[in-house]
Amino acid sequence: MGQHTLDPEDWGSFRDSAHKLLDAAIDKMKSNKEGRVWNPLPENMKEKLQVDLPSSGLDHEALRTKLAEMLPYGVGNTHPRFFGWVHGAGNPGSVFAEIASSAMNANLGGRDHGGIYVEKQVIEWSRQMMGFPEGASGLLVSGTSMATIIACKVARDSRLGSQCRENGVGNVPLVGYVSQQAHSCIARAFDLLGLGSGALRKIPCHSDFSMDIDALQKAIAEDRSQGFEPFFVVGTAGSVNVGAIDDLDALAELAKAENLWLHVDGAFGATAILSKTVRTRLSGLERADSLAFDFHKWLHVNYDAGCVLIRSKEKHLQSFSGRAEYLTGVNKGLAAGDLWPVDLGPELSRGFRALKVWSHILEHGVDKLGACIDENCRQAAYLGEKVEQADQLELLAPVSLNIVCFRFLADDHSDLDTLNREIVIELQERGIAAPSTTFLEGKLAIRVNITNHRTELHDLDLLLTEVQNIGNELAG
Ligand SMILES: Cc1ncc(COP(=O)(O)O)c(C=O)c1O
């Protein structure tokens with residue numbers, strides 16, 4: 001009996017099946033604008049997935065068929081009328097990089113190989129894009145949630161001193177601040193880092209949903225007077241509910257005066273720095289101590305790809321460096337390289353997500369990526385105006401960026417929250433569009449987030465027509 005290997009026995013048939021699968025994938029991507037937005041996985045497919053742990057394998061042709069069968073059953077975010085949460089629309093070009101990175105199977109935890117240099121370049125581009133100073137450091141991560149954990153840890157360790165890595169956080173009563181509209185990943189980071197989500201104060205917002213800086217100032221003073229130790233403040237550049245941008249310059253001033261670490265959550269909004277129209281509203285972002293943002297949202301790199309930038313490389317290293325003996329670096333050979341990604345984050349084994357980000361930026365260039373963002377903002381403004389013109393619709397928040405929150409009104413309907421939730425479910429289930437919902441000042445809103453380079457104005461017209469048709473149908 002020959003040696004066991006997982007390589008194909010017949011490379012010719014492997015190649016044929018791989019080419020067929022690539023063709024199916026390209027056909028799927030080419031028709032991204034067609035058909036239903038969301039296809040729920042049919043019952044028979046769910047059943048087919050439930051098989052006992054296979055003891056023997058399939059040939060590549062059978063495997064190709066199974067994989068091709070899955071192609072229609074994504075979240076729907078490749079469709080122009082996907083408006084839910086904050087999902088990027090992806091782009092066909094990512095397939096190029098994903099084929100190459102799959103063939104390489106590189107581990108980006110460290111060592112001296114091509115991928116490390118690609119990731120360094122992506123971090124350098126990110127630094128330039130966001131206006132961070134030369135020498136700032138950063139890391140590619142799964143998304144803003146992970147980026148936030150890393151940034152909070154560097155901030156925490158920088159305040160407590162790196163001995164807290166060994167001794168724990170002790171009982172220093174550290175507290176931080178976010179706006180009431182900030183994303184839940186920040187409280188989760190506080191929880192994970194042993195600070196407790198209760199140590200994150202939620203500051204009220206103005207009517208445009210940006211943080212009330214006076215209220216923040218008062219909360220800090222109040223905390224200090226009660227013996228707490230303020231150390232951290234988060235500015236949101238593009239809030240998840242409505243796309244509000246906090247006054248980042250004011251926050252940078254206040255952070256300096258109060259000796260706080262300024263972190264910016266720019267999950268999708270920070271990338272609007274590439275847009276001609278939004279750019280100036282992000283002033284102050286470049287003064288942050290750390291920034292979390294995603295390539296997979298408004299820049300449409302295929303999932304997943306996020307980034308954390310840290311102004312002080314020294315502090316970043318102090319928070320994560322320290323390798324085990326078997327990972328000791330040397331000057332030459334494969335274990336060389338001055339800085340390994342494992343020195344900057346919690347993961348030792350890391351995929352080569354840098355390749356798809358790098359090739360995406362090379363393929364499109366940042367001007368085009370910025371123009372797509374501008375287009376989405378124009379579309380959101382258009383949608384907001386249409387909502388205001390419609391008698392049966394109520395706009396629930398000013399349109400700041402790319403998100404429109406509104407609801408359907410029915411005179412004789414007492415429970416508008418339930419009605420609007422049902423409208424959204426019907427839109428999704430009928431395959432027409434996929435907005436999501438949120439609550440604003442106690443009212444359930446139909447939330448239309450446009451981070452989608454495939455959306456056109458007629459998609460928005462159709463959405464509004466269908467919201468009203470379904471609303472009347474359900475209310476009637
Ligand atoms: C403002 C904001 N912050 C953080 C996140 C979390 O990002 P991720 O899903 O990439 O972890 C999101 C996700 O939508 C967001 O909109």
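Which residues does I203 touch, not counting residues up to four places away in sequence? Select I203 to begin the tour. I203 touches Y177, V178, S179, Q180, M211, D212, A215, L216 and A219, where contact means heavy atoms within 4.5 Å.

Before going further, please note that this is a predicted model, in which local features need pLDDT of at least 70, side-chain atom pairs count only at pLDDT 80 or more, and totals for chains, interfaces and linings use all residues. Residues are numbered from 1 along each chain as its sequence is written, and side-chain values use heavy atoms, with hydrogens and water left out.

**First stop: I203 and its strand**

Colour strand β4, residues 200-203, which contains I203. Helices (H or I, at least four residues) and strands (E, at least two) are DSSP runs, numbered from the N terminus. With a relative accessible area of 3%, I203 is buried; buried means under 20% relative accessible area, exposed over 50%, and partly exposed in between (1.4 Å probe, protein chains only).

**Second stop: the domains**

Colour the chain by domain: domain 1 (11-71), domain 2 (101-364) and domain 3 (366-475). These bounds come from an automatic or database domain assignment. Taken over C-alpha atoms, the centres of domain 1 and domain 2 are separated by 37 Å.

Rolling a probe the size of a water molecule over the atoms shows where empty space is left. Here the largest pocket has a volume of about 1,400 Å³. To find its centre, select A25, K28, M29, L71 and V95, the closest to that centre of the 43 residues that line the pocket. The search uses a 1 Å grid over the protein atoms alone; a pocket is an open set of points where a 1.4 Å probe fits, with protein on both sides within 12 Å along at least five of seven lines, and lining residues have an atom within 4 Å of a point. Grid points are joined across faces, edges and corners, and a volume is the space filled by probe spheres set on the points.

Where does the largest pocket lie? Domain 1 and domain 2 both give residues to its lining, so the pocket lies between them. Next, show the helices α1 (11-30), α3 (60-70) and α4 (94-104), each of which supplies at least two residues of the lining. Helix α1 gives the most, with 10 residues. By class, the lining has 21 nonpolar, 16 polar and six charged residues. Ala, Val, Leu, Ile, Met, Phe, Trp, Tyr, Cys and Pro count as nonpolar, Asp, Glu, Lys and Arg as charged, and the others, Gly among them, as polar.

Side chains of opposite charge can pair when their charged atoms come close. A salt bridge is a side-chain nitrogen of Lys or Arg within 4 Å of a carboxyl oxygen of Asp or Glu, and the count comes to 24 salt bridges.

Select K33 and E456, whose side chains meet in a salt bridge (2.7 Å, N to O). K33 lies in the loop between α1 and α2 (43-49) and E456 in the loop between β12 (443-449) and α14 (457-475), so the pair ties together parts that are 423 residues apart in sequence. K33 is partly exposed at 44% relative accessibility, and E456 is partly exposed at 34%.

Move to R353 and D304, which form a salt bridge with their closest N and O atoms 3.3 Å apart. This pair links R353 in helix α12 (residues 353-389) with D304 in the loop between β7 (290-294) and β8 (306-310), 49 residues apart. R353 counts as buried at 15% relative accessibility, whereas D304 is partly exposed at 30%.

Then select E473 and R430, another salt bridge (2.7 Å, N to O). E473 is in helix α14 and R430 in the loop between α13 (416-429) and β11 (434-440), 43 residues apart.

Select R127 in helix α5 (residues 114-130). R127 is buried, with a relative accessible area of 9%. Leaving aside neighbours within four places in sequence, R127 is in contact with F132, P133, E134, G135, A136 and L309.

Finish at G337, in the loop between α11 (313-320) and α12. G337 counts as partly exposed at 31% relative accessibility.
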